[in-house]
Amino acid sequence: MNHSRIPRHIVIIMDGNGRWAKKRFLPRYAGHKAGVETVRRVLNFCAEQGVEILTLFAFSSENWRRPQKEVSLLMDLFVTALQREVNNLNKNNVRLHIIGAREAFPDNLQKLIVEAEKLTENNAGLTLVIAANYGGHWDILEAAKQLAQKVEQGVLKSKDINESLFAEQLCLADLPKPDLFIRTGGEKRISNFLLWQLAYAEMYFTDTLWPDFDKATFIEALKSFASRQRRFGRTGDQVEEEENA
Ligand code: IPE
Ligand code: IPE
Ligand code: MG
């Protein structure tokens with residue numbers, strides 16, 4: 001595949017674990033467990049194709065509304081996956097970063113997150129971002145609060161707030177913008193994921209349930225991305241002219 005057409009930053013809503021399990025008469029938890037295996041596979045696909053950043057939606061601000069038992073199983077799974085995978089990630093030169101309101105997590109999980117980020121912070125390979133207790137509304141509100149605080153402290157004037165200053169306060173500010181958004185599981189919605197950051201991401205929806213997401217589906221998404229013309233408000237002719245210049 002033409003390298004210039006490979007997305008630098010892919011974000012994925014990993015959906016469909018529950019339905020995958022239900023189809024097999026298994027508890028929903030089995031679907032989440034199978035979903036962790038998919039994460040491992042997808043990391044390899046990304047590395048093979050030269051994708052630089054992979055951001056995965058693992059738990060939304062709204063997922064606390066699920067039955068308490070499912071929530072605590074998900075927390076346990078997060079802990080086990082971190083414990084089990086972090087050395088491997090480190091060996092593979094992956095830099096791990098967690099976004100979301102982590103203060104809501106159990107203490108042991110918060111500690112593991114800090115340790116995993118610290119261990120991998122200087123790795124120069126793929127950047128893996130896990131969004132956990134993340135919500136786009138939360139992200140934007142936090143940014144607004146930080147700017148309001150600076151105004152209160154007198155270090156910023158409200159008239160100086162502009163798009164780039166606002167964006168700097170948001171999650172993923174230090175990374176290139178998402179190029180390709182993938183949602184598995186058939187739903188066609190953003191579910192409060194990266195509301196600001198997805199402004200110009202290319203959207204790709206597949207009915208494939210997350211535990212079934214395989215290389216073929218991944219390549220389909222990349223092909224679809226490669227075939228699109230990203231105009232960012234300009235005309236197609238303008239974009240072509242620039243590409244030929
Ligand atoms: C996504 O799969 C994983 C999380 C939200 C944690 P779901 O659990 O939402 O699976 P479905 O949508 O019920 O099939
Ligand atoms: C979005 O999936 C959140 C994650 C994948 C972590 P949901 O399954 O929670 O989304 P809705 O509720 O169907 O919109
Ligand atoms: Mg779902």
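Which helices and strands each supply at least two residues of the lining of the largest pocket? In this predicted model, where local features need pLDDT of at least 70, side-chain atom pairs count only at pLDDT 80 or more, and totals for chains, interfaces and linings use all residues, side-chain values use heavy atoms, with hydrogens and water left out. Residues are numbered from 1 along each chain as its sequence is written, while chains are lettered from A and ligands numbered from 1 in the order in which they are written.

The elements in question are α1, α2, β2 (53-60), α3 (68-91), β3 (95-99) and β4 (127-134), where helices (H or I, at least four residues) and strands (E, at least two) are DSSP runs numbered from the N terminus. Among these contributors α3 gives the most to the lining, with 8 residues. A pocket is defined on a 1 Å grid over the protein atoms alone as an open set of points where a 1.4 Å probe fits, with protein on both sides within 12 Å along at least five of seven lines, and its lining residues have an atom within 4 Å of a point. The largest pocket holds about 980 Å³ of space, a volume being the space filled by probe spheres set on the grid points, which are joined across faces, edges and corners. Of its 41 lining residues, Met14, Asn17, Phe57, Ala58 and Phe59 are the closest to the centre. By class, this lining comprises 23 nonpolar, 8 polar and 10 charged residues, with Ala, Val, Leu, Ile, Met, Phe, Trp, Tyr, Cys and Pro counted as nonpolar, Asp, Glu, Lys and Arg as charged, and the others, Gly among them, as polar.

Ligand 1 sits in the largest pocket, in the sense that more than half of its atoms lie within 2 Å of the grid points. The shell around the ligand (residues with a heavy atom within 4 Å of it) includes Asp15, Arg19, His32 and Asn63, and divides into 3 nonpolar, 5 polar and 4 charged residues. Helices α1 (17-23) and α2 (28-49) each supply at least two residues of this shell, and α1 gives the most, with 3 residues.

Taken alone, ligand 1 exposes 380 Å², of which the protein buries 86%, as computed by the Shrake-Rupley method with a 1.4 Å probe.
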